[in-house]
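User: I would like to learn how to read the pockets, core and confidence of a structure. Please take the features in turn.

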Amino acid sequence: MRRLLECVFAVAAIALANVAGAQNWPTKSVRVIVPWGPGGGTDIVARAITARLSENLKQQFVVDNRGGANGILGTDLGAKSPGDGYTLVLHTLSSHVLNTSYYRKLPYDPEKDLTPITLVGRVPLVLYTHPSFPVKTPRDLVNLARANAGQVQYGSFATGSPSHFAAEIMAHLTKIKLVHIPYKGGGAAMTALLGGEVPFHFGGVSVGLPHVKAGKIRALAVTSSYRSPALPELPTLAEALKLQDYDVSVTFGVLVPASMPKNLVQRIFDEFAEVIKSEAYKSRLATLGTDEAPLLTPEELGRWLQKETARWAGIIKATGIRAE
C-alpha cells in the first residue's frame, strides 16, 4: 500500500510540475528551427512571427536556419530535440507532407515523432521568369519547351520541394520535358534566377515580389487555385493553361517534438493563436505578400496533414517522381 501511495504521489508531482512548467513558459530563449536557408519564404514568415512572440512574451525567439535535404535535416533535428518547449520547428508543411511520399525512408516519422501546433500563413508560388527568357505567358513557356524538348531549365528550392513539383506537375499535365536545377532554399533559387543562371523558377511571393516591382524579373501566374491578393492581376496557372485540379500552395506551420506534454502544446498554441489573430501580424503578412491561413487547433492541423499527405501521395504516384 505504501508503495502504491508513493507511486501516486510521484505521478501527481510530475503532473503538477508539467502544469507549472506550461504556465511559466518561456523562462528562457526559444529556438525556432527553419529547415531552409536564410532569405526564403519560410525564413521570412518565421522572422515575422517570432518578432511578435518575442515582444509578447519578453523572451527571445531565435530563428535557427538548418537547411538541407529538402527540409529533412532541420526537421530531424527538431523531432529529436527535448519536448520542453524550447525547440520549435517552423516548416513549409507542403514540403513536410511531400517528403513522406517522395522519399522511401525518412530519419523520423512525420506523424509519430512530431506534434502539430497550428498554421501561420499560406502563399501560392509564382511562375517567375528572367527578362531575357523569350516568354510572356505560361502558354509561351509550354510552347517553347515543347519545341526544345529536354533543353529548357528551371530552378527550384530543392529536389522534392513544392517548387520542384509545381514545375513537374505542369510538365506532366502539358506533356513537356524540362531540366530541373535544384538549389538550397528559395533565397538561393531566386538569386540564381536574378543572375540568369536559370530562365524560370516557381518561387514565393515575398521573395520575388520586390524584384518584380523593380523590373528585374517577370511574374506570369500563380500556382494556387485562387488568385493571390498580392498579385490579383496574375492568372492562376490552371486558368492560363486550362488545367484541372492544379493547386500547389505553400503552407507554413509550427511543429514540436512528440514528447512534449499536452498542456505545453496547448500553451504554445494559445500564444501563437494570439499573434496570428492580431492586426499587427495580419498587416505584416500582407506586406510580405503572404495570405492568412485558417487558425487550426493542433488536432485540426493533424487531420489536415493526414489529408494532405494522402493527396500528395496520389500526385507523386501519378507523376512517377520519387527520390532514388
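Analyst: Helices (H or I, at least four residues) and strands (E, at least two) are DSSP runs, numbered from the N terminus. In this predicted model, local features need pLDDT of at least 70 and side-chain atom pairs count only at pLDDT 80 or more, while totals for chains, interfaces and linings use all residues. Residues are numbered from 1 along each chain as its sequence is written, and side-chain values use heavy atoms, with hydrogens and water left out.

User: Which elements each supply at least two residues of the lining of the largest pocket?

Analyst: Rolling a probe the size of a water molecule over the atoms shows where empty space is left. On a 1 Å grid over the protein atoms alone, a pocket is an open set of points where a 1.4 Å probe fits, with protein on both sides within 12 Å along at least five of seven lines; lining residues have an atom within 4 Å of a point. Here α4 (93-102), β4 (114-129) and α12 (298-319) each give at least two lining residues, and α12 has the largest share, 5 residues.

User: How much space lies in the second largest pocket, and which residues lie nearest its centre?

Analyst: A volume is the space filled by probe spheres set on the points, which are joined across faces, edges and corners. The second largest pocket holds about 250 Å³. Its lining has 15 residues, with Arg 122, Asp 247, Ser 249, Thr 251 and Trp 304 nearest the centre. The elements giving two or more residues to this lining are β4, β9 (249-257) and α12.

User: Which residues have the most contacts inside the largest nonpolar core?

Analyst: In soluble globular proteins, nonpolar side chains tend to be buried together. A nonpolar core is a set of buried Ala, Val, Leu, Ile, Met, Phe, Trp, Tyr and Cys residues joined through side-chain atoms within 4.5 Å, where buried means under 20% relative accessible area (1.4 Å probe, protein chains only). The largest core has 104 residues, and Val 120, Phe 202 and Tyr 246 have the most contacts inside it. The largest share of this core, 9 residues, comes from β4.

User: Over which residues is the pLDDT below 50?

Analyst: Where pLDDT, the predictor's confidence in each residue from 0 to 100, is low, the predicted coordinates should not be read in detail. The protein averages a pLDDT of 91, and 93% of the residues score at least 70. The pLDDT is below 50 over residues 5-18, a stretch with 2 contacts (heavy atoms within 4.5 Å) beyond near neighbours in sequence.

Key:
Buried means under 20% relative accessible area, exposed over 50%, partly exposed in between (1.4 Å probe, protein chains only).
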